[in-house]
Amino acid sequence: MELYGKMAAAQDAKFGQKETSDQNFDYMFKLLIIGNSSVGKTSFLFRYADDSFTSAFVSTVGIDFKVKTVYKNDKRIKLQIWDTAGQERYRTITTAYYRGAMGFILMYDITNEESFSAVQDWSTQIKTYSWDNAQVILAGNKCDMEEERVVSTESGRHLAEQLVCPEGFEFFETSAKDNINVKQTFERLVDIICDKMSDSSEPDPAVTAGTQNTRLMDNPPPLQQPNCGC
């Protein structure tokens with residue numbers, strides 16, 4: 001485990017080197033997408049980060065990441081989103097990356113009962129390897145495949161309510177193919193993280209405010225024109 005921890009640290013350092021050319025952000029949130037193989041984690045990430053989708057399945061080897069910058073009020077938030085391999089043989093590697101993650105999207109496939117049954121094990125890993133304040137959203141992916149559904153919406157919602165933390169996990173059914181609730185899932189996860197930041201000793205009002213312009217934006221807000229006294 002120590003070896004994989006060093007690998008994770010090295011990868012984080014490599015990411016940091018890539019970021020040195022662009023340090024103009026107010027916050028960086030490290031997010032992970034986890035779940036069984038073939039539930040659609042990579043497609044989900046590509047839909048959000050690049051607004052693209054391919055039906056070809058290529059199993060993720062180890063771990064990969066993408067970066068997306070969003071704006072909340074007047075703050076620039078850089079999302080470092082890690083796509084993890086779901087196969088058991090990569091489990092030791094991927095759990096090393098849980099360190100420092102502020103949020104998780106725990107995903108299952110609504111057409112695959114085994115992936116749904118594995119959610120409890122994945123949530124236990126989050127509790128074991130991540131920090132106590134990491135936020136989690138449960139996502140039932142491939143909701144466009146209604147005719148092949150084997151996990152009901154109610155079952156997913158009920159499981160989310162039962163998982164780990166006293167208040168449960170928030171829950172979305174999603175589709176990377178049809179772009180259903182993809183952006184909304186990430187937006188809600190960032191909102192929850194910001195809400196938790198408001199509990200800190202020195203919260204940033206521009207991030208934690210629940211009033212105007214609370215939706216995340218892909219582009220910076222327009223510059224405010226100074227008031228003219230003439």
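Reader: Over residues 208-213, what does pLDDT stay under, and how many contacts beyond four places in sequence does the model have there?

Author: Glad you began there: pLDDT, the predictor's confidence in each residue from 0 to 100, stays under 50 over residues 208-213. The model has nine contacts (heavy atoms within 4.5 Å) for this stretch beyond four places in sequence. Where pLDDT is low, the predicted coordinates should not be read in detail. This is a predicted model, in which local features need pLDDT of at least 70 and side-chain atom pairs count only at pLDDT 80 or more, while totals for chains, interfaces and linings use all residues. Residues are numbered from 1 along each chain as its sequence is written, and side-chain values use heavy atoms, with hydrogens and water left out.

Reader: What is the average pLDDT of the protein?

Author: The average is 79, and 67% of the residues score at least 70. Over residues 13-21, though, the pLDDT is below 50.

Reader: Why is Cys194 called buried?

Author: Buried means under 20% relative accessible area (exposed is over 50%, partly exposed in between; 1.4 Å probe, protein chains only). Cys194 has 1% relative accessibility, so Cys194 counts as buried. Cys143 is at 14%, and therefore counts as buried. Of the 230 residues of the protein, 47% count as buried.

Reader: How many disulfides does the rule give?

Author: The count is zero, a disulfide being a pair of cysteine sulfur atoms within 2.5 Å.

Reader: What makes up the fold, in helices and strands?

Author: There are eight helices and six strands, taken as DSSP runs numbered from the N terminus (helices H or I, at least four residues; strands E, at least two).
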